Amino acid sequence: QVQLVESGGDLVQPGGSLRLSCVASGSIFKIYAMGWYRQAPGKQRELVASTTSDGITNYADSVKGRFTISRDNIQNTVYLQMNSLKPEDTAVYYCNAAIATMRSPAYGYWGQGTQVTVSS
């Protein structure tokens with residue numbers, strides 16, 4: 001069994017920064033791509049940023065230059081550094097990872113989500 005646990009969400013003022021973390025645990029054989037998605041009230045879940053196991057990154061246009069995704073392959077952790085936060089960044093942020101176990105091929109797992117609120 002695999003679990004993804006996010007942390008780091010909070011209430012922050014516009015222009016502020018937050019760092020989200022997501023740790024994968026369980027019967028992990030290999031982690032492929034890892035990423036962050038977000039879902040604002042009344043909107044569809046959208047990709048924020050992703051990174052391959054080789055460190056190739058991809059960002060939504062709305063966060064380019066403000067957010068940075070990184071990962072620690074030893075600790076099975078992915079981070080999202082968010083700077084210059086805007087009210088429109090307010091959402092529940094979800095971690096996603098493609099993980100293969102000893103018993104199954106790669107499958108996309110989700111975390112439970114962490115709330116980020118940007119407001120003065």
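Which residues do ring pairs link into a cluster? In this predicted model, the cluster is made of Tyr-37, Tyr-94 and Trp-110. The structure holds 3 aromatic pairs. One of them joins Tyr-37 to Trp-110: the ring centres are 5.0 Å apart and the planes stand at 65 degrees, so this pair is edge-to-face. Because Tyr-37 belongs to strand β4 (residues 28-39) and Trp-110 to strand β10 (residues 107-110), the pair ties together parts that are 73 residues apart in sequence. Tyr-107 and Tyr-109 also form an edge-to-face aromatic pair, with 5.0 Å from centre to centre and 75 degrees between the planes.

How open are these rings to the outside?

| Residue | Relative accessible area | Class |
|---|---|---|
| Tyr-37 | 23% | partly exposed |
| Trp-110 | 39% | partly exposed |
| Tyr-107 | 51% | exposed |
| Tyr-109 | 18% | buried |

Tyr-94, a member of the cluster, has the charged end of Arg-45 sitting over its ring, 3.7 Å from the centre. Elsewhere, Arg-19 lies over the face of Tyr-79, at 4.0 Å from the ring centre.

Conventions:
Residues are numbered from 1 along each chain as its sequence is written. This is a predicted model: local features need pLDDT of at least 70, side-chain atom pairs count only at pLDDT 80 or more; totals for chains, interfaces and linings use all residues. Side-chain values use heavy atoms; hydrogens and water are left out. Rings of Phe, Tyr and Trp (its six-membered ring) pair if their centres lie within 6.5 Å; planes under 30 degrees apart count as stacked, over 60 as edge-to-face and the rest as tilted. Helices (H or I, at least four residues) and strands (E, at least two) are DSSP runs, numbered from the N terminus. Buried means under 20% relative accessible area, exposed over 50%, partly exposed in between (1.4 Å probe, protein chains only). A charge sits over a ring if NZ of Lys or CZ of Arg is within 6 Å of the ring centre and within 35 degrees of the ring normal.
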